[in-house]
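The exercises below are meant to be worked through with the sequence and the structure open side by side. Try each task before reading its solution.

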Amino acid sequence: MLSLRSLAKTYPNGVEALGALNLDILAGEIVAVIGGSGCGKSTLLRLISGLESATRGQVKIHGEQVMAPHPLINLIFQEPRLLPWLTVEQNICFGIRHLDRLEQGRRLRAVLQQVQLQSYEKRLPKELSGGQAQRVAIARALITQPEVLLLDEPFSALDAMTRASLQDHLLEIWRDAGPTIVIVTHDIEEAAALAHRVVVMQPSPGRILEEIDMDLPLPRH
Ligand code: ADP
Ligand code: ADP
């Protein structure tokens, strides 16, 4: 469903963040991308999401080139990046403001249940723990019903207990809705626990060193 062909990115300062990278990702697959700092992992996610444009090469979803932020692709960062003056509910619904209220309410209840934050709707971000705030960020992504979830070290700012519980949440979401997931992590255990395939990257220029298939069945929907 996602196909990256000869994907390359050189920043204006001359840094070759990605060489010519090729990668194919199946629908419903969970791919973990690991590698040291500066090997182009974040750049890769920004290119897939359409937030950043490639210097050369292509990203295609269902055979169509991704040229700008794509409605079926959603990126989650290490920090939740919630709007501090909006409640949990308003933050989550921000991207679906154009839908009618009934539909917004229906989706809101569903995603709050998925991230186990029922009864937190009226809270402000400053009244949440780090793990709760990150669950709100995940709910805000899920409510747009993306086919592809990109996560850039989503749990690395959290303590080990919270991290483990959010990994479980992510797997449950995946079992429910089966999105394709690309998760950048520097935690090898996290990669092994979550992914069907682990992609190991190397810097200067960023490229794939190795792909490791894990022994996990794909979802059947
Ligand atoms: P990673 O996520 O693996 O740490 P990044 O994709 O953030 O790697 O960065 C890859 C390389 O590109 C690094 O050398 C980094 O300094 C550089 N880089 C990243 N973003 C920019 C940018 N906006 N402008 C210039 N250089 C950048
Ligand atoms: P991550 O840890 O997720 O790789 P970074 O801390 O490398 O993220 O980058 C955070 C932000 O800073 C990104 O938006 C990236 O584009 C930008 N950035 C990273 N490296 C550079 C750089 N050398 N020059 C300019 N911007 C950079």
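A residue counts as buried under 20% relative accessible area, as exposed over 50%, and as partly exposed in between. The model used here is predicted.

**Exercise 1. Confidence**

Task: State how confident the predictor is in the protein chain and in the complex.

Solution. Begin with the protein chain, which averages a pLDDT of 92, with 97% of the residues scoring at least 70. Then turn to the individual elements: confidence is lowest in strand E5 (residues 64–65), where the mean is 88, and highest in helix H2 (residues 88–93), where it is 97. For the complex, finally, the predictor gives an ipTM of 0.73 and a pTM of 0.88.

**Exercise 2. The surroundings of ligand 1**

Task: Describe which residues come nearest to ligand 1 and which polar backbone atoms an oxygen atom of ligand 1 approaches.

Solution. Second, sort the shell by class, which gives 4 nonpolar, 7 polar and 2 charged residues. Third, ask which element supplies the largest share; this is helix H1 (residues 41–49), with 4 residues. Taken alone, ligand 1 exposes 560 Å², of which the protein buries 64%.

**Exercise 3. The surroundings of ligand 2**

Task: Identify the residues around ligand 2 and work out how much of its accessible area the protein covers.

Solution. The residues surrounding ligand 2 are Ser42, Arg46 and Asp152. Among them, Ser42 has an N or O atom in its side chain 2.8 Å from an oxygen atom of ligand 2, while for Arg46 the corresponding separation, again from a side-chain N or O atom to an oxygen atom of the ligand, is 3.0 Å. On its own ligand 2 has 550 Å² of accessible area, and the protein covers 25% of it.

**Exercise 4. Salt bridges and exposure**

Task: Find how many salt bridges the whole structure holds, and say whether Lys122 is buried or exposed.

Solution. A search of the whole structure finds 10 salt bridges. One of them joins the side chains of Asp24 and Arg5, at 2.8 Å from N to O. This pair links distant parts of the chain, since Asp24 lies in strand E2 (residues 16–25) and Arg5 in strand E1 (residues 2–10), 19 residues apart. Asp24 is partly exposed, at 40% relative accessible area, and Arg5, at 37%, also counts as partly exposed.

Next, take Glu89 and Lys122, whose side chains meet in a salt bridge of 3.0 Å, N to O. Glu89 lies in helix H2 and Lys122 in the loop between helix H3 (101–114) and helix H4 (130–142), so the pair ties together parts 33 residues apart in sequence. Glu89 is partly exposed at 24% relative accessibility, whereas Lys122, with a relative accessible area of 61%, is exposed.

Lastly, the side chains of Arg107 and Glu103 form a salt bridge at 2.8 Å, N to O. These two residues are separated by about one helical turn because they stand 4 residues apart in helix H3, and both Arg107 and Glu103 are buried. Elsewhere, salt bridges with shared partners join Lys9, Arg46 and Glu52 into one network.

Technical notes: Residues are numbered from 1 along each chain as its sequence is written. Chains are lettered from A and ligands numbered from 1 in the order in which they are written. This is a predicted model: local features need pLDDT of at least 70, side-chain atom pairs count only at pLDDT 80 or more; totals for chains, interfaces and linings use all residues. Side-chain values use heavy atoms; hydrogens and water are left out. A residue is near a molecule or strand if one of its heavy atoms lies within 4 Å of it. A polar contact is a pair of N or O atoms within 3.5 Å; within protein, one must be able to donate a hydrogen and the other to accept it, and residues adjacent in sequence count only if both atoms are side-chain atoms. Accessible areas come from the Shrake-Rupley method with a 1.4 Å probe; for residues, only the protein chains shown count as cover. Ala, Val, Leu, Ile, Met, Phe, Trp, Tyr, Cys and Pro count as nonpolar, Asp, Glu, Lys and Arg as charged, and the others, Gly among them, as polar. pLDDT is the predictor's confidence in each residue, from 0 to 100. A salt bridge is a side-chain nitrogen of Lys or Arg within 4 Å of a carboxyl oxygen of Asp or Glu. Buried means under 20% relative accessible area, exposed over 50%, partly exposed in between (1.4 Å probe, protein chains only).
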